[in-house]
Amino acid sequence: MTPNRLLPTTLISLLLLAGCAATGPAVQADHRAQTSSAQDIALLERVSWGVNAGSARQLQAQGWQRYLQAQLHPGKASLPPAVQAQIDAMTISQVPLDQLVMSVEQKRKESAAVMDDMAKQQAQKDYQQELNRLAREAATRSLLLDVYSPNQLQQQLSWFWLNHFSVHQGKHNLRAMVGDYEANAIAPHALGKFRDLLGATVHHPAMLRYLDNEANAAKRINENYARELMELHTLGVNGGYSQSDVQELARILTGVGVNLGPDTPKVKPALQSQYVRRGLFEFNPNRHDYGDKQFLGQTVKGRGLAELDEALDRLSRSPATAHFISGKLAQYFVGDNPPAPLVARMAATFQQSDGMIADVLQTMFNSPEFKQSLGKKFKDPMHYVVSAVRLSYDDKPILNAGPMLSWLSRMGQPLYGRQTPDGYPLTDASWASPGQMTTRFDIARTIGSGSAGLFKTDGPQPQEKVAFPQLASALYYQSLQPTLSPATRQALEQAASPQEWNTFLLSSPEMMHR
């Protein structure tokens, strides 16, 4: 389809409908009596990043309950060999975080010592380019896993928690840290105990640098991290804590920071046994406030790093945290204003299971409220981009994630790109603007015509031109077609070519919802 060709009236109507995020399900009333196949597709759209032929076969073979249990309790993901090879070749996959950051910091120090202005500028440019390259590797790896990992729920939860415990790559040298933060602090705990996940983020240098806790020391208190740890990460803004609690938690967090160099600080002899160094994480007892604290109504005895564990235990087991986290999960998976009884049941499971995330999700997935919400949740940019590529290419490995990264930036949701610590909004209305819909149609057109550049590499191009995706497939006729409204099917019938047919399907209201 050429960009300046007039769109059919029915497609214009489809695009307008697609942006109406809060008006109801994509499937029209006369399709409410869905087949089991259509129900399976709706479940897949919610539990995964988007349906494709492979996931549909997997669900058909296992049945819903076995499929769900495999998603809630995943094993090691097996990726297509070409995708695994791309990930294995990355610097962030080969070099441990501490070595990587120390190497980059050494280059920065060397560039600062250069006397010649031109050479200094070039050295500084090289430093920035290296940070950009590492951040791009991290984002590329993240998208490849989202598209190709069979552990789809774990990948969705990894993005959710990365957004919940948000850091911005533009600060300091976080571009060198975000890959490790996602791979080692977030992903392994995405479906496990919330307390373990919380602890992993608290001890990661990306979080400590982003929220300035490396500047937090006795007699020079910095409250930034303490405030967000309660307001955004655990209790919630109405979680029952006071400004005094913020100050006391900041005191507990004194001395918790990072060390970007190979040398250890000189610690007072009496405190040397308290010093902790794990990779870039450092607890420096010289900087810690050893006085007793009054935190959330109880005394925390001043004794060093162990105070932090006590505070995290208290935060993670608070009823306020159970309710806040359950509410955010329900908002992400069910709707903007999740039913209060559902959130209450999820929070009860959270407390009964000591914060086991998979159990909380099990309660949600088994609920009638979840089933009733299927097809009604508007996709944010991440869900739209990843689902479009999954549907279009199934297990065919893309060679260039650059277009996907560009699309996410255009729609305002780049990975590691949220400047404020609150993470990207999870509500439908945040992403359903006319500008968003125009961009999505452009994405649908470039994918549908095979011109997106997902298979274009930096080196010599293969002689064989990559064909456009074959979306009019067995998956479409056996499973997707019954879920489409009459208006969508009418638009598809008007397509003048297979490429245009692809475009219409990828820009349909059903493709905008999950």
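Begin by selecting the open sheet: its three strands lie in the order 1-3-2 and pair in an antiparallel manner. Two strands count as paired if DSSP finds at least two bridges between them. Strand 1 (256–258) and strand 2 (276–278) stand at the edges with a single partner strand each, so one side of each has no neighbour in the sheet. Direction ignored, neighbouring strands of this sheet are turned by 20° against each other on average.

The structure is a predicted model, in which local features need pLDDT of at least 70 and side-chain atom pairs count only at pLDDT 80 or more, while totals for chains, interfaces and linings use all residues. Residues are numbered from 1 along each chain as its sequence is written, and side-chain values use heavy atoms, with hydrogens and water left out. Helices (H or I, at least four residues) and strands (E, at least two) are DSSP runs, numbered from the N terminus.

Next, select strand 1 together with strand 3 (residues 281–283): these antiparallel strands are joined by three bridges. Which residue of strand 3 is the bridge partner of valine 258? The partner is phenylalanine 281.

Now turn to helix 8 (residues 117–148) and helix 21 (residues 402–410), which pack at an angle of about 100° with their axes 10 Å apart. Helix 8 is therefore roughly perpendicular to helix 21, a term for angles of 65 to 115 degrees. Axes are lines fitted to C-alpha atoms, for helices over the stretch in contact, and angles run from 0 to 180 degrees between N-to-C directions. To display the contact (heavy atoms within 4.5 Å), select Arg136, Ala139, Thr140, Leu143 and Val147 in helix 8, which meet Gly402, Met404, Leu405 and Leu408 in helix 21.

Ala135, Ala138, Arg141 and Ser142 of helix 8 make the contact with Val178, Gly179, Asp180, Glu182 and Ala183 of helix 10.

Stay with helix 10, where seven of the nine residues are buried, so the helix is largely enclosed by the rest of the structure. Buried means under 20% relative accessible area (1.4 Å probe, protein chains only). Tyr181, Ala185 and Ile186 are among the buried residues of helix 10. The buried residues of this helix pack against helix 7 (97–113), helix 8, helix 9 (152–164), helix 11 and helix 12 (205–210).

Finally, select helix 11 (residues 194–202): eight of its nine residues are buried, so helix 11 is largely enclosed by the rest of the structure. Among the buried residues are Phe194, Arg195 and Val202.

Conventions
Angles under 35 degrees count as roughly parallel, over 145 as roughly antiparallel, 65 to 115 as roughly perpendicular and the rest as oblique. Buried means under 20% relative accessible area, exposed over 50%, partly exposed in between (1.4 Å probe, protein chains only).
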